[in-house]
Amino acid sequence: MTSKPNTPLLDQVNLPSDLRLIDDKDLPQFARELRDEMIDAVSVTGGHLGAGLGVVELTIAIHKVFNTPEDRLIFDVGHQCYPHKIITGRRDRIRTLRQEGGLSGFTKRAESEYDPFGAAHSSTSISAGLGMAVAAELGKTERNVIAVIGDGAMSAGMAFEALNNAGALDARLIVILNDNDMSIAPPTGAMSAYLARLASGRTYMGMREIGKKLTAYLGKNIDRAITRAVEHARGYVTGGTMFEEMGFYHIGPIDGHSFDHLLPVLRNVRDNSKGPVLIHVVTQKGKGYAPAEAAADKYHGVNTFDVITGAQAKAKPNAPSYTAVFADALVEEARHDDKIVGITAAMPSGTGLDKLHELFPERTFDVGIAEQHAVTFAAGLASEGYKPFCALYSTFLQRGYDQVVHDVAIQGLPVRFPIDRAGFVGADGPTHAGSFDVGFLASLPGFVVMAAADEAELKHMVRTAAAYDDGPISFRYPRGEGVGVSMPERGEILPIGKGRVMKEGTKVALLSFGTRLAECLLAAEDLDAAGLSTTVADARFAKPLDVDLIRQLARHHEVLVTVEEGAIGGFGAQVLHLLANEGLLDHGLKIRSLALPDAWVDQAKPDVMYQQAGLDAKGIVETVFKALGQKQIGLGVVG
């Protein structure tokens, strides 16, 4: 393509087919324009900046060389996908990123044919790519499948399970390892780039295929011997790795910011590879934007910011965040008890365990993106008398559920599970919503399941968990700020399975589990004003339930409404099961259960999401009136 005078190259590209018309020599200019566009867009929306900046050249090179969307491109995780979205027909919407009604912050199948697989949790790309590669083979379709996986995602066992399977199947799969922390290899130069081109060329790959065909006639033992000899010889030139032992043809490391390095290797692999190939690419997170390059976390996730200075917009909180309250409370308990340890899965700052690490580094463990290991590691510590707090986001705890069941719950080990990001999480959308933990934990025998109604209650639950040694215990809390209640210096130990009554009434009972308690109290004011005397109770526990409290509410009120920030099948289901078995539904009690919708809810501001779900004060009031078969006019009631 000959660029139009005074027209930016980016303006000439709407789809990858347009990109393929640009001369290779013009790609550095195109990369600069794409990087500037991404920086400007994220400065408006906020989001994951550093990872996308690091893969600009790599993303361009892949779309330039491969025939997407016919060739399948999978990003692991979706944090890297912003440049990809801009050049796959979504530039006109990129400033709606992570906004209500806008583009997802991750790859999403429903959004574009260029997103063949959604990815917001890590370490899934190789498994999904292998499935696509095998499907192409079964369908006798000539197609490349490319999985781009970050080096952090390679810490998860699932990635290695997929590598092992792909090698055994000898599948035609291209895995690009994006090493953006230089944690696997040092920076690369001209010689290593030359060797990578050589190793990806027809001669070396041809030797490998000839060896396979020859040894097919000579038996498996000879096959293994010759294959090892070829790889051993190549190892002197390019450096053998564990990936070779898993059946992958390994190329690299190469400079992920150099088109002179990327393009010939990708073209060689496209034209010559037959089986699984792993290309090791070294990139710099935050590349091309000085404030991101200088930041310790490379601007992994940012608020809106000033493009010139890099200064991020800061909210003016009225109360500390729940995460900060948890972190401070855990540090306080750790001062009193040297058996307390903290465990996180690659989220030390996100979970607040970085504060524990500052004071007690020997008692704080970041195990990487490996939730399954984190849970069983915690179980091992608990079996030896320690008090592990395995701090995970609700959405990531899902990944370790088998270990929660088998290694923790069945053995009755006292592992503590602080569950952050409970309920809606706003801009990260359905992939990160904390919807299911109450349901899947409360179904386990011997598990204590709590939810904090406010930041003071969270402090109490941290201390309660620290003191509880009779089995596993969890407590959940949302993203964002607390409600501004007065805070104790140290939490109190709560009686297990006991709730509290916040306000007494006679006709309507609102039973809250979690931070919807504030909305229940607001709803009670409106109901009282309408002549409906209302009790408000904070359940505190989904398991064990406060049976006496629930009996009292059911027997002495006409309407009982349970309210929670979890999916159907959680706290409300536990209450309904109790009431049914106790026969308390046989005497005209009108019971309603408010929970998150039975749907995947796209991103928006959390307040908007809760309002749309009917979990705000207005929605609670409307639920009561519907239960009574009445409607509200002003502050009065009409039958």
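1. Let's start in a loop: Arg421 sits between strand S9 (416-420) and helix H20 (437-442). Helices here are DSSP runs of H or I with at least four residues, strands are runs of E with at least two, and both are numbered from the N terminus. The phi of Arg421 is near 60°, a positive value in a residue other than glycine. Arg421 counts as buried because its relative accessibility is 15%; buried means under 20% relative accessible area, exposed means over 50%, and partly exposed is in between, using a 1.4 Å probe and protein chains only.

2. A word on what you're looking at. This is a predicted model, where local features need pLDDT of at least 70 and side-chain atom pairs count only at pLDDT 80 or more, while totals for chains, interfaces and linings use all residues. Residues are numbered from 1 along each chain as its sequence is written, and side-chain values use heavy atoms, with hydrogens and water left out.

3. Ser123 is another one to check for phi: its value is near 75°, again positive in a residue other than glycine. Most residues other than glycine have a negative phi, and most peptide bonds are trans. Look for Ser123 in the loop between helix H5 (82-90) and helix H6 (125-138). Ser123 has a relative accessible area of 1%, so it is buried.

4. Now for the cis peptide bonds. One joins Thr68 and Pro69, with omega about 5°, and Pro69 belongs to the loop between helix H4 (56-65) and strand S1 (72-76). Another joins Gly252 and Pro253, with omega about 10°; here Pro253 is part of strand S4 (residues 249-255).

5. How enclosed is strand S3? Six of its six residues are buried, so the rest of the structure largely encloses it. In a regular strand the side chains alternate between the two faces of the sheet. Both faces of S3 are covered, with Ile174, Ile176 and Asn178 buried on one side and Val175, Leu177 and Asp179 buried on the other.

6. Which strands pair with S3? Strand S2 (residues 145-150) runs parallel to S3 and is joined to it by five bridges, with Val148 opposite Ile176. The chain gets from S2 to S3 through helix H7 (residues 157-169), in a right-handed β-α-β crossover. Right-handed means that, with the strands pointing away from the viewer, the path from the first strand over the helix to the second runs clockwise. Strand S5 (residues 277-282) is also parallel to S3, through six bridges, and there Val175 faces Leu278. Pairing requires at least two DSSP bridges between two strands.

7. Asn180 is buried because its relative accessible area is 16%. Leaving aside residues up to four places away in sequence, Asn180 touches Asp151, Thr283 and Lys285; a contact means heavy atoms within 4.5 Å.

8. Glu293 is in helix H13 (residues 290-294). Is it buried or partly exposed? Its relative accessible area is 28%, so Glu293 is partly exposed. The side chain of Glu293 reaches the backbone nitrogen of Gly288 at 2.7 Å. Glu293 and Gly50 are 243 residues apart in sequence, yet their C-alpha atoms are 8.1 Å apart in space.

9. On to an open sheet of five strands, ordered S12-S14-S13-S16-S17 with mixed pairing. Its edges are strand S12 (500-503) and strand S17 (590-594), each pairing on one side only. Within this sheet, strand S13 (residues 508-513) and strand S16 (residues 559-564) run parallel and share six bridges, and Ser512 stands opposite Val563. Helix H23 (residues 547-555) packs on the sheet and touches S12, S13, strand S14 (534-538) and S16, its direction making about 150° with that of S13. Axes are lines fitted to C-alpha atoms, for helices over the stretch in contact, and angles run from 0 to 180 degrees between N-to-C directions.

10. Finally, the nonpolar cores, each a set of buried Ala, Val, Leu, Ile, Met, Phe, Trp, Tyr and Cys residues joined through side-chain atoms within 4.5 Å. The largest has 54 residues, of which Phe30, Leu49, Ile60, Ile62, Ile176 and Ile279 touch the most other members. Helix H2 (residues 27-45) gives the most to this core, with eight residues. A second, separate core of 48 residues includes Ala370, Leu549, Phe571 and Val575.

Note on methods. Polar contact = N/O pair within 3.5 Å; in protein donor to acceptor, adjacent residues only side chain to side chain.
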